[in-house]
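Dear colleague,

Please find below the structure that I am handing over to you. My notes on what was found in it follow directly after.

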Amino acid sequence: MPTYETTIRFTHDLDRLTPAQRDRFRRIVRTAFVPDLHTGRAFRSGLRVKRVRCARNGVYELTWSMGTGCPGRATWEYGTPVRPGEQHIIWRRIGGHHILTGP
């Protein structure tokens with residue numbers, strides 16, 4: 001399992017989501033994001049992982065559908081591994097398109 005940490009902004013953003021939106025994010029991470037990290041290959045196209053252009057190098061965006069309304073987004077970056085051989089993820093922001101102004 002990869003290790004992870006969250007920024008304060010991510011935690012505040014997460015608190016603003018509905019319970020259904022939080023559950024959807026956690027399900028996507030558990031069933032798609034983490035398995036794709038383990039393969040060492042590109043992420044599946046349905047996750048729409050790409051670099052955030054307006055951010056410094058190394059910040060990525062993960063996009064998924066949160067059901068009705070706008071798609072959900074989370075920004076993240078790779079951190080220094082905590083355990084040898086395991087990826088470490090730093091979750092930066094989560095929410096709608098507005099998070100890209102300060103990813």
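Contact here means that heavy atoms lie within 4.5 Å. Please bear in mind that this is a predicted model.

On that basis, and leaving aside residues up to four places away in sequence, Thr3 touches Val82, Arg83, Gln87, His88 and Ile89. With His88, the side chain of Thr3 also makes a polar contact, side chain to side chain, at 2.6 Å. Thr3 belongs to strand S1, which covers residues 3-6. Because its relative accessible area is 13%, and buried means under 20%, Thr3 counts as buried.

Tyr78 is found in strand S4 (residues 72-79). Its relative accessibility is 35%, so Tyr78 counts as partly exposed. Residues up to four places away in sequence again being left out, Tyr78 touches Leu37, Phe43, Gly58, Tyr60, Gln87, His88 and Ile89. Between Tyr78 and Ile89 there are 4.8 Å in space, C-alpha to C-alpha, although the two are 11 residues apart in sequence.

I also examined the pockets. The largest pocket holds about 300 Å³ of space. Its lining consists of 15 residues, and Tyr4, Phe25, Arg26, Val29 and Trp91 are those that lie nearest its centre. At least two lining residues are supplied by each of S1, helix H1 (8-16), helix H2 (19-39) and strand S5 (88-95). H2 provides the largest share, with 6 residues. Sorted by class, the lining of this pocket comprises 11 nonpolar, 2 polar and 2 charged residues.

Yours sincerely

How values were computed. Residues numbered from 1 in each chain as written. Predicted model: local features only at pLDDT ≥ 70, side-chain atom pairs only at ≥ 80, totals over all residues. Heavy atoms only, no water. Helix = DSSP H or I, 4+ residues; strand = E, 2+ residues; numbered from the N terminus. Buried < 20%, exposed > 50% of the residue type's maximum accessible area, 1.4 Å probe, protein only. Polar contact = N/O pair within 3.5 Å; in protein donor to acceptor, adjacent residues only side chain to side chain. 1 Å grid on protein atoms, 1.4 Å probe; cavity = no way out; pocket = protein on both sides within 12 Å on 5 of 7 lines; lining within 4 Å. Points joined across faces, edges and corners; volume = space filled by probe spheres on them. Nonpolar A, V, L, I, M, F, W, Y, C, P; charged D, E, K, R; others polar.
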